[in-house]
Amino acid sequence: MSTATGTTGIGVSDVLARCREENRAALVGYLPVGFPTVEGSIAAMVAMVEAGVDIVEVGIPYSDPLMDGPVIAYAADQALKHGVRVGDVFTATRAVRDAGAPPLVMSYWNLILRHGPTAFATDLAAAGGAGIITPDLIPDEAGEWIAASDASGLDRVFLVAPSSTDERIASVTERCRGFVYAVSHMGVTGARTSMGDAASVIVSRTKAATDLPVCVGLGVSTGAQAAEVAAYADGVIVGSALVRCLTEAADLESGITVLRALVAELAEGVRSGR
Amino acid sequence: MTDQTPATPAHGLVPEPVARPGRFGDFGGRYVPEALIPALEELDEARRKAMVDPEFLGELERLHRTYTGRPSIITEVPRFAEHAGGARIILKREDLNHTGSHKINNVLAQALLTKRMGKSRVIAETGAGQHGVATATAAALMGLECVIYMGKVDTERQALNVARMRMLGAEVRPVPTGSATLKDAINDALRDWVTNVEDTHYILGTVTGPHPFPEMVRDFHRIIGVEARAQVLDTAGRLPDAVIACVGGGSNAMGIFHRFLDDTDVRLIGVEAGGEGVEGGRHAARFAASSPGVLHGTFSYLMQDDDGQTLESHSISAGLDYPSVGPEHAHLRDTGRAEYRYATDEQAMKAFELLCRTEGIIPAIESAHALAGAIEVGRELGPDALLLVNLSGRGDKDMHTAAEYFGLIDGDAVPPGTADEPGAEGDGRTQL
Ligand SMILES: Cc1ncc(COP(=O)(O)O)c(C=O)c1O
């Protein structure tokens, strides 16, 4: 259950351990590769690292993103229309790694299946990737991925949700490496006005089952919410709110400026929650 | 860490099948967010209990008898069959069911399950609108709140069914994203489900999706084949040489095939939508041109690009316009128990017209694909053959498309008809 280090650099578990020492939650920031362009998305990811994100979640746009709300679905759709390819993710992970943060890929399963799970794991490790978050792959179906990630030393992050039974939480967390992704509420990605109690409940239920760090995702969009979640979670995952900085901007440069400001606010939040 | 052996898989894609529920050979499974797993388990348990509960089975049987109109009749179509090599052709008349297609079989059963699970709201996707209409109907009958997701393209080509659903009290939500057809409607239905799963059941309309849907929906349609087998034996004194059905997701086909699986002399023939032809890529003939992959929670054949992005399918028939296919069909195909061919838009519309003109039956355009397949198979097998064709639905909903296709509305109201001339095979219009 220790972290995977990939082939180069600091691992996800190392970052989470360091944050724990600093008595704070980690900030995990999501952006999809290819929006608005491959280069633009990479510039935005690097900017996030500079502005205070601890771990970057690099999304691969998918034609049928059924876990995603309108903001991320729109960005994915645009990225695909502009011709983003699955292989572009490796360019992004390399750049994030060089910027000093561990890159975790977030991908729907068919893209990895098509590439070949073993080949994907090998290619990702070679590109400095730390592991993969698989939103539509449950451990029960993940035999090949578990073997491939073991062979390549990659982290594998499965999800638990407020609806998960204790037995499911136990079996999911047993197969995670790096951290456990706790979905804050029942629904798809997208900013929410309030985080509610469901998130803290699922975190404490998950912590009862595992010693792995537990990071919370779905719905966080402000520094205040990040602080609220940082009080009980090991990491705060932010997606749609960051993507929206880019989708709503007039151009990439101004988008990145807004993005840096939001990351700084969120980084402040994860440091003030406890 | 895992009980699966990551050995060399059959398709180079998945581990050797371990005996586990929800798999048909390599195909099937449950590729959905963890958040939905408890609902799928709850559903699985509820349907298992229901299928051995005399009360549930009795209630479903009563509904089918007094509401659906079961058993549906069979009709022999000799004038149509003259154009199919003179083979003997019998239609299973699912078009005569209440709401106009086979879809009601599955929907009534799932609506009963919804009540047994204590849920008050149902959602569904729909392509042609038949499944949406059936779901709206069952919701009205049982007092359930109902939301239907339908691709925007489909709301336009099946506008009449949108009005029917709204008339029945359902909310219809047009889905503008992606290709704005059936696959995108399923995406939005799944998003709704994961958000509202506590009080909502997703009445999936075909034999795809995560386990237990493919198995459960098949079981609810199995009555088609059970009835038809007995009816054909009664009428013809023997089993058919082939059973033919159109395949979108594959529910009407699984429904009529399943009872015949052990009758190994009976050929099971699925007909997919060939659209504008397989060469140009504008089709939904998954078995003619696709490869295994995951979409909407199941591992099956899938139209996808080199990266694994779903490709858009195309068909004149909204109900067959789907880039994947039920996993049990994938298994039946790979094991050779069933065979699959396709009919193009043009072939299907010729068969559509032919059945209208020769038998006075207006089929759904989906079902017309099965008829086109029957014409081909009849010609291959000759006059001694006995074919059972599933007429999965009626064509009222398709009048707009047909009127446009045949130019029935402005001026030239009557298409040049030759269908009632015996031996019209040679004129090119009914040639398949
Ligand atoms: C009349 C009719 N037949 C067939 C289909 C295709 O579905 P399936 O392949 O699940 O039977 C539809 C779907 O809408 C339909 O309305």
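Which side chain meets B:D241 in a salt bridge? It's B:R238, with N and O 3.0 Å apart. Keep in mind as you look that this is a predicted model. Neither end of the pair is hidden away: B:D241 is partly exposed because its relative accessible area is 26%, between the 20% and 50% cut-offs, and B:R238 falls in that range too, at 32%. Elsewhere in chain B, salt bridges with shared partners tie B:D44, B:R47, B:R48, B:E215, B:R218, B:D219 and B:E328 together into one network.

The idea behind all this is a simple one: side chains of opposite charge can pair when their charged atoms come close. Over all chains, the tally is 51 salt bridges.

Now hop over to chain A. Here A:R156 and A:D150 join their side chains in a salt bridge, again 3.0 Å from N to O.

Still in chain A, find A:D166 and A:R205, whose closest N and O atoms are 2.9 Å apart in a salt bridge. A:R205 is partly exposed, given its relative accessible area of 25%.

Back in chain B, it's time for the ligand. There are 19 residues around it, and the ones that come nearest are B:T206, B:G248, B:G250, B:S251 and B:S392. Zoom in on the ligand's oxygen atoms and you'll find a polar side-chain atom of B:T206 at 2.6 Å from one of them. B:G250 uses its backbone instead, with a polar atom 2.7 Å from a ligand oxygen. B:N252 brings in a side-chain N or O atom, 2.8 Å from an oxygen of the ligand. How much of the ligand does the protein bury? Taken alone, the ligand exposes 390 Å², and the protein buries 98% of that.

B:V52 sits in the loop between α1 (37-50) and α2 (54-68), and it counts as exposed because its relative accessibility is 67%.

Conventions:
Residues numbered from 1 in each chain as written. Chains lettered and ligands numbered in written order. Predicted model: local features only at pLDDT ≥ 70, side-chain atom pairs only at ≥ 80, totals over all residues. Heavy atoms only, no water. Helix = DSSP H or I, 4+ residues; strand = E, 2+ residues; numbered from the N terminus. Buried < 20%, exposed > 50% of the residue type's maximum accessible area, 1.4 Å probe, protein only. Near = heavy atom within 4 Å. Polar contact = N/O pair within 3.5 Å; in protein donor to acceptor, adjacent residues only side chain to side chain. Areas by Shrake-Rupley, 256 points an atom, 1.4 Å probe, with all protein chains shown as cover. Salt bridge = Lys/Arg side-chain N within 4 Å of Asp/Glu carboxyl O.
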